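We will go stop by stop.

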Amino acid sequence: MEMILEARDAGEWAYRGEGAANLVLSYTGSYPPFVGKVLRVRKITENGAEYDNGLSGLSKHECLLWDELISAPSREMAEHLYVKNVMRPLLGSDYVESGVRVLVGKGFLESVESNILSKRPSWRVNDAKTNTECVSALLLPDLSHFPGSVLNKEFCITVEIKPKCGFLPVSDLIAEENSVKKSISRFKMHQALKFHQGKISEVSEYDPLDLFSKSIKRVNKAVKDLFLTPQNNFRVFLNGSLIYGGLGGSPSSKSYLTRETFEDVLKCVIQSDNGNRTTKFLDLVAETVFRSRLLDRLLKAQMLDTLDIEGAIHAYYNVVSQSCKVCSKFREVEEKLSERYSHIHSDPYSKSLKIVKDYLTAATAKDLSTMISFRPTENRDMESLDDTVVLKSTRQSFQYKLW
């Protein structure tokens, strides 16, 4: 977009949340092109690398990997092209929004930084700040709304889920001492580690293997486990406003509403007696996840990681033309360990490049969010339609949209 957001515009953008690399702001004004949109703004760490300043593009080694992104004049443009040219074709254009770039002035970014400071979790504030050197930000549809529901002021309830990695690795290159990877999901291991480090106060019972299982019973369990311990992996929005789950991506952040209050809020969604609405709503979410094709696509993308990091790291050293530090360390212990990976170092450059790119693409797919928006429909004979699900226990029909 050719217009530039200036300091005077910052007051119309409210804090929605953030991840490790970006802030997300929702639009609260009335300018039609921005209604129903969010703005994704890059952050910068206190000790960020030089190329994190938003003005330079990819690092030297990233240029070796992503020749299709080299033309990007800035890192933010490179990230935009990565979503548009790599992830969108992989997952499908119906499921991935690549957005459009909007020019932003330094005054706008500085005002945003000041305005949202009190809304951000303290640990996020200490970790990174708004990158005021960026010249553009990414404008995206607000996926907490059903398409068009903002302008039409229609009812909408949306669930955000971070599925995480949905398979167990089987690579022969995983060391014996790390064989636990082959029997316990990556998410479950991270939960144990975070609890040990004091980053979370409660270990989630959620296991991504249940969500990706294609068993309705296990999918139901996964959704209920996410609800009971949402951390930053499960959030619910009502007409665009967060009502359940944490803000700011903190694993230990508290939910906006208690479970009891959430049950009461669902009066406007689920036609059932008090005490049963939450269970039926979670059944609705599980049924939608079960019948959708998005998780199949997501799992296929995740499984591009065929060698695990323990194999991919050797291919990486091939690509960057450096002596393998991992093999050097193994030689100090036992020569046979380094010989185990020698066949990777004999691979042609093109094969090594594909291994590394596939590994990084899979890593992106393992950390995506999915959004499911619902709005009620009066027609109860639409279950055969791809975008409609029927909650049989209440005889309600809902149109849904997944991203």
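Among contacts between residues at least 6 apart in sequence, 63% join residues at least 24 apart. Bear in mind that this is a predicted model. Colour by secondary structure: the protein has 16 helices and 13 strands. Of its 403 residues, 49% are buried.

**Stop 1: the cores**

Select Leu211, Phe234, Val236, Phe281, Val285 and Phe374 and show side chains. These have the most contacts inside the largest nonpolar core, a set of 68 residues. Another core, of 20 residues, lies apart from it; pick out Leu5, Tyr15, Tyr27 and Val35, which are among its members.

Go back to Leu211. Which residues does Leu211 touch, leaving aside those up to four places away in sequence? They are Ile161, Pro163, Tyr206, Val219, Ala222, Val223, Val289 and Leu295.

**Stop 2: the cavities**

Rolling a probe the size of a water molecule over the atoms shows where empty space is left. How many cavities of 30 Å³ or more does a search of the whole structure find? It finds two.

Helix 11 (294–302) and strand 11 (370–377) each supply at least two of the lining residues. By class, the lining has eight nonpolar residues, two polar and no charged.

Move to the second largest cavity, with about 50 Å³ of space. Select Asn22, Arg40, Val41, Arg42, Glu76, Glu79, Arg101, Ser136, Ala137 and Leu138 to show its lining. Strand 4 (37–45), helix 2 and strand 7 (136–141) each give two or more residues to it. Here the lining has five charged residues, three nonpolar and two polar.

**Stop 3: two hairpins**

Strand 9 (234–238) and strand 10 (241–244) pair antiparallel over three bridges. Phe237 stands opposite Leu242 in strand 10. Two residues separate the strands of this hairpin, and Asn239 in the turn has a positive phi of about 50°.

Strand 12 (388–391) runs antiparallel to strand 13 (396–402). Four bridges join them. Look for Val389, which stands opposite Phe398 in strand 13. This hairpin has four residues between its strands. Arg395 in the turn has a positive phi of about 60°.

**Stop 4: a loop residue**

Finish at Asn276, in the loop between helix 9 (259–265) and helix 10 (277–291). Asn276 counts as partly exposed because its relative accessibility is 36%, between the 20% limit for buried and the 50% limit for exposed. Draw a distance from its C-alpha atom to that of Leu266, 10 residues away along the chain: the separation is 9.9 Å.

Terms used:
Residues numbered from 1 in each chain as written. Predicted model: local features only at pLDDT ≥ 70, side-chain atom pairs only at ≥ 80, totals over all residues. Heavy atoms only, no water. Pairing = 2+ DSSP bridges. Buried < 20%, exposed > 50% of the residue type's maximum accessible area, 1.4 Å probe, protein only. Core = buried A, V, L, I, M, F, W, Y, C linked by side-chain atoms within 4.5 Å. Contact = heavy atoms within 4.5 Å. 1 Å grid on protein atoms, 1.4 Å probe; cavity = no way out; pocket = protein on both sides within 12 Å on 5 of 7 lines; lining within 4 Å. Points joined across faces, edges and corners; volume = space filled by probe spheres on them. Nonpolar A, V, L, I, M, F, W, Y, C, P; charged D, E, K, R; others polar.
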